[in-house]
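Here is a short report on one protein chain. Please view the sequence and the model together while reading.

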Amino acid sequence: MAEYLLFATERYALPILQPLADALQDAGHGVHAWLVDGAAQSRLAAPVRAIASAREAVGLRPRAVFSAANWVPPFVGGAKVQLFHGFNVEKREDARGHFRLRGLFDLYCTQGPATTAPFQALAKQAGHFQVVETGWPKLDPLFGPEPPLAASLRAQAGGRGVVMSAATFTERLSAAPHLYEAIAAQVADGRYYWLLTLHPKCAPALFARYRALAGPNAAFVEPEQLVEAQRAADVLLADTTSVVSEFVVQRKTVVTFRNRAPKPHMIDFDDPAQLPAMLDHAFAPEPGLQAALAAYADSIHPWRDGRSSQRVLAATEALLAGELGRLRRRPLTALYRGLQIRRELGYWGPTGR
């Protein structure tokens with residue numbers, strides 16, 4: 001048995017880490033979670049043990065640290081494994097967004113061909129990390145037995161079609177403020193049952209407005225329940241959030257409002273008054289749209305067996321066994337970033353082994 005550390009900085013990382021925690025526990029390992037910043041008040045399900053401080057994390061001497069954040073504390077021992085906190089939805093240029101390298105990770109566990117090839121090219125240039133396509137642990141519950149919450153949400157719909165609404169927190173891209181009135185009208189109409197959710201970083205006032213829509217025709221879904229809601233929904237209404245890609249993996253229809261980079265698998269629109277017509281289209285997709293959904297899903301996440309967590313663990317073991325090849329020294333920029341992280345976390349003690 002070995003000890004492993006899960007690391008997160010935001011609440012939305014918990015559904016990414018929980019399936020991996022389950023897989024580690026099933027294999028008989030000890031699992032610990034160090035949740036900081038926006039995730040600090042959250043918890044993973046028992047028997048995952050909470051880590052309260054940097055000193056405690058260092059003292060654990062984990063075999064590996066799995067991060068669902070852009071960074072990981074380099075002073076903690078063990079292999080550093082990047083799991084990603086979302087799909088590449090082209091919010092920013094590659095050098096500033098999904099493909100930005102920070103020199104902190106030994107292994108990148110990619111979600112599908114669309115991200116594997118670019119990261120493999122970067123790994124060949126940099127030499128200080130390896131890349132293995134594993135699929136994304138967060139999506140494991142989409143392809144296993146139906147979670148009880150998903151079944152409960154569908155039961156509440158009473159046979160109606162289920163629409164899930166999600167939005168990014170990026171103000172210039174968020175649909176939530178623009179579509180509120182149109183969504184409220186649809187909820188009041190009652191033709192569909194709505195699952196309403198927002199990014200944890202959205203403004204509290206916006207949360208309050210959407211929570212107030214909950215009732216016989218709608219439920220508000222917390223960030224930790226996102227995957228169960230995606231499993232329950234028939235159609236997604238969103239913007240430029242990575243939830244679009246998560247939902248598409250199921251080959252279900254997505255309606256997007258002013259998406260930054262609209263693609264053939266999306267039903268994109270820019271006028272809130274068009275929402276009813278867009279939903280009608282989504283519930284009756286033509287063969288061409290269905291084919292585009294399937295093609296995009298295969299490019300970003302072809303894995304549909306619910307075992308991405310197990311592949312992450314296998315890739316990590318291959319890295320530790322030296323089966324993936326030797327790594328070069330990390331760049332000097334990683335040393336500078338490591339000092340910044342120490343300052344942010346208030347830790348100036350020894351580095352773990």
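The sections below go from the whole chain to single residues.

## Basis of the model

This is a predicted model, in which local features need pLDDT of at least 70, side-chain atom pairs count only at pLDDT 80 or more, and totals for chains, interfaces and linings use all residues. Residues are numbered from 1 along each chain as its sequence is written, and side-chain values use heavy atoms, with hydrogens and water left out.

## Overall build

The protein chain holds 12 helices and 13 strands. Both are DSSP runs, numbered from the N terminus: helices are H or I of at least four residues, strands are E of at least two. The radius of gyration is 21 Å, close to the 20 Å that the globule rule gives for 353 residues, so the chain is as compact as a globular protein of that length. The radius is taken over C-alpha atoms, and the rule is 2.2 Å times the number of residues to the power 0.38. The C-alpha trace spans about 60 × 35 × 35 Å along its principal axes.

Of the 353 residues, 56% count as buried. Buried means under 20% relative accessible area, exposed over 50%, and partly exposed in between, with a 1.4 Å probe and protein chains only. Take contacts between residues at least 6 apart in sequence: 68% of them join residues at least 24 apart. A contact means heavy atoms within 4.5 Å.

## Surface and charge

The accessible surface of the protein chain is about 15,000 Å². Carbon and sulfur atoms account for 52% of that surface. Areas come from the Shrake-Rupley method with a 1.4 Å probe; for residues, only the protein chains shown count as cover.

The chain carries 38 positive and 32 negative charges, and their mean positions are 9 Å apart. Lys and Arg count as positive, Asp and Glu as negative; His and the chain ends are not counted. Each charge is placed at NZ of Lys, CZ of Arg, CG of Asp or CD of Glu.

## Aromatic pairs

The count comes to 14 aromatic pairs. Rings of Phe, Tyr and Trp (its six-membered ring) pair if their centres lie within 6.5 Å; planes under 30 degrees apart count as stacked, over 60 as edge-to-face and the rest as tilted. F105 and Y108 form an edge-to-face pair, 5.7 Å centre to centre with 65° between the planes. Both residues, F105 and Y108, are buried.

Y108 also pairs with F129. This pair is tilted, at 4.6 Å centre to centre and 50° between the planes. The pair links distant parts of the chain, 21 residues apart: Y108 sits in strand β6 (residues 107–110), F129 in the loop between α3 (113–126) and β7 (130–133). F129 is buried, as is Y108. One aromatic cluster takes in F84, F105, Y108, F119 and F129.

## Backbone features

F84, a member of that cluster, has a positive phi of about 75° although it is not a glycine. F84 lies in the loop between β5 (79–82) and β6. Its relative accessible area is 6%, so F84 is buried.

R251 is another non-glycine residue with a positive phi, here about 65°. R251 belongs to the loop between α8 (243–248) and β12 (253–257). R251 counts as partly exposed, at 27% relative accessibility. A cis peptide bond joins A46 and P47, with omega about 15°. P47 is in the loop between β2 (30–35) and β3 (49–50).

V36 is buried at 9% relative accessible area. Beyond four places in sequence, V36 contacts F7, A8, T9, E10, W71 and L345.

S165 lies in strand β8 (residues 162–165) and is buried at 7% relative accessibility. Leaving out residues up to four places away, S165 touches I183, W194, L195, L196, T197 and L237. L226 is in helix α7 (residues 226–232) and is buried at 10%. L226 is in contact with K138, M164, T197, V221, V243 and E246, its neighbours within four places aside. L226 and T197 are 29 residues apart in sequence, yet 7.8 Å apart C-alpha to C-alpha.
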